[in-house]
Amino acid sequence: MEPTTTIRDHLESYLKREQMSISLFSETSGINSGTLSNILNKNRPIAMQQLDRITSAMRLEEGYFYELYIDECFVHAAPDWRRLGPFLHRCAELNKLNCIEDVIRLMMDNLSYIPLLFDLAEEFYHAGKFKPAVLLYETIAESEKMQHSERLALCQYRLFRLGLSNDQQRNLIIAAQFEYYVDRLDERYQLDALNELINAFASLHRWSKVQELSEKLKVKATIHYELNGRRKQEETKRPIIFYIMYAYLASGSANFHLNNYEIALKYVSLYTDYSWVKKPDPDEMVVINQFQEWAEGNRYIYQLMAGQFEILPDYLDYISTKENEIFPALCDIVTAANRYDMNIDYVLKEYESYFTYQEQSNRIGKVSKQVTDDRYVRLLAGLGTYYLKKDEFAKGIDFVLNSLRFSLEISDGRGMLRGVGLFEQYRDYASDTAIQQYKILISEVQKLNEEKAGFADSYM
């Protein structure tokens, strides 16, 4: 496509080549013949819908003329939102992200378009058109980076949510960036944002940050509940009492991972007590029952991790009737068994089907993918350690390699170090095939580290 050739030139050439009259093309395209004449005579600009009809009638792929359209209507003419809006919509539908980038770059010269672009980004976001939404949010955030607006904060919140992935190193950078904006969000978003930020930092084992954000969540949610009760809970994803109880649960989990088991147990009693809830409705009772269930399970695991293995049979009875609790319980049981050199062969045999990756959920909703990823890599490494300590080397090394492989997949530096350390410790017991697999994984680790160094530099 020649850059000096216009859409009208293409249409004229097509009509001559096909020996087609304007009236016949009018019937084919569904565009009024008078309108077509005005377009060809440059007396009328081409509307978005007309462009798509012309393209279809010429039997060309959708969006064929979009690059030319940008040049004709937005570069060499004053951009008009009546054309810009529909054009961006169509680009999003056709996933022509390069066209969206080109257009919004042109629009940034006029800051009056920012509110319109933001509304469009929100529309894309709620419609599940995340890639074009990200382009708009990034542009708006860049243009307003010196402002302290709620719009900027909401853009950063959307980018945080859409940016989380199975790349743990990238997630750390994204979470740290968003934390700066969380207090600037409109109140209706703050509780969910803090909840999601806590989950992100928990999956990254940043326990001091989890404690700090949990305290902030508890204070904000408590004030909200005391002032409004459940009156405003439709503005949040869950009933307000969820956020208060979750703040206690997250604080307990942080203390548990910091080996402060007594303090962790105190937090269990806090999210078990719901006497302060004012006449709980059915939705609140779902939350209360879920936290009661979590409390019972966490009491068992906190005691188990403190060395009280006599409670293991009771814990197994508890999880046997609760499908959603089996996977997280298994992760912690393996960790405790390794810490105290306990034999749990019968447990692993019964729950062997949970050694494969599965998305997790509970009564309240889906468990964060980042949390599930972290648990799974710990389970694989824990199983490797368990079998290696029992001199079942082939089985143990297989789990270690799987943990290293999955750590690579989610860019988990801690998991990679743990996997490498375990393999090197038992390398003499590895088969030639396992050593070859390990060498391949190590080369991938080195390549990833080089890529991540460049990625981190771009955020400095």
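This is a predicted model: local features need pLDDT of at least 70, side-chain atom pairs count only at pLDDT 80 or more; totals for chains, interfaces and linings use all residues.

Guide: Residues are numbered from 1 along each chain as its sequence is written, and side-chain values use heavy atoms, with hydrogens and water left out.

Visitor: Which residues of helix H1 are buried?

Guide: Two terms come first. Helices are DSSP runs (H or I, at least four residues), numbered from the N terminus. A residue is buried under 20% relative accessible area, exposed over 50%, and partly exposed in between, with a 1.4 Å probe and protein chains only. In H1, which covers residues 7–17, the buried residues are Ile7, Arg8, Leu11, Tyr14 and Leu15.

Visitor: Why do the buried residues of H1 line one face of the helix?

Guide: An α-helix has 3.6 residues a turn, so residues three or four places apart point the same way. Seen down the axis of H1, the buried residues fall within an arc of 125°, so they line one face. The arc is taken from the directions from the helix axis to the C-beta atoms. On the other side of H1, Lys16 and Arg17 are exposed.

Visitor: Which helices do the buried residues of H1 pack against?

Guide: They pack against helix H2 (22–29), helix H3 (33–40), helix H4 (48–57) and helix H5 (66–75). Contact here means heavy atoms within 4.5 Å. Just after H1, glutamine 19 takes a positive phi of about 50°.

Visitor: How is the span of a helix read, for example in H21?

Guide: The expected span is 1.5 Å times one less than the number of residues. Helix H21 (residues 393–409) has 17 residues and reaches 24 Å from its first C-alpha to its last, close to the 24 Å expected. Its buried residues include Phe393, Gly396, Phe399 and Leu408.

Visitor: What is found just after H21?

Guide: Serine 411 follows there, with a positive phi of about 50°, in a residue other than glycine. Serine 411 lies in the loop between H21 and helix H22 (413–425), and it counts as buried at 4% relative accessibility. Asparagine 259 likewise is not a glycine and has a positive phi, of about 65°. The loop that holds asparagine 259 runs between helix H14 (240–257) and helix H15 (261–272); this residue is partly exposed, with a relative accessible area of 45%.

Visitor: How many salt bridges does a search of the whole structure find?

Guide: Side chains of opposite charge can pair when their charged atoms come close. A salt bridge is a side-chain nitrogen of Lys or Arg within 4 Å of a carboxyl oxygen of Asp or Glu. The search finds 23 of them. One joins glutamate 67 and lysine 96 at 3.8 Å, N to O. That pair links distant parts of the chain, 29 residues apart: glutamate 67 is in helix H5, and lysine 96 is in the loop between helix H6 (81–93) and helix H7 (97–107). Glutamate 67 is partly exposed at 35% relative accessibility, whereas lysine 96 is buried at 17%.

Visitor: Where do glutamate 93 and arginine 90 lie?

Guide: Both belong to helix H6, 3 residues apart, about one turn of the helix. Glutamate 93 is partly exposed, at 48% relative accessible area, and arginine 90 is buried, at 16%. A further salt bridge joins glutamate 424 and arginine 427 at 3.2 Å, N to O. Elsewhere, salt bridges that share partners join Asp52, Glu62, Arg90 and Glu93 into one network.

Visitor: Is serine 214 buried or exposed?

Guide: Serine 214, in helix H13, is buried, with a relative accessible area of 1%. Not counting residues up to four places away in sequence, serine 214 touches Ile198, Ala247, Ala250 and Ser251.

Visitor: Which residues form a nonpolar patch on the surface?

Guide: Patches are made of residues with over 30% relative accessible area and no salt bridge; like charges are joined within 9 Å, and nonpolar side chains (Val, Leu, Ile, Met, Phe, Trp, Tyr) within 5 Å. Accessible areas come from the Shrake-Rupley method with a 1.4 Å probe, and for residues only the protein chains shown count as cover. Here Val219, Ile223 and Leu227 form the patch, with about 280 Å² of accessible area together. Leucine 227 is in helix H13 (residues 207–228) and is exposed, with a relative accessible area of 65%.

How values were computed
Helices (H or I, at least four residues) and strands (E, at least two) are DSSP runs, numbered from the N terminus.
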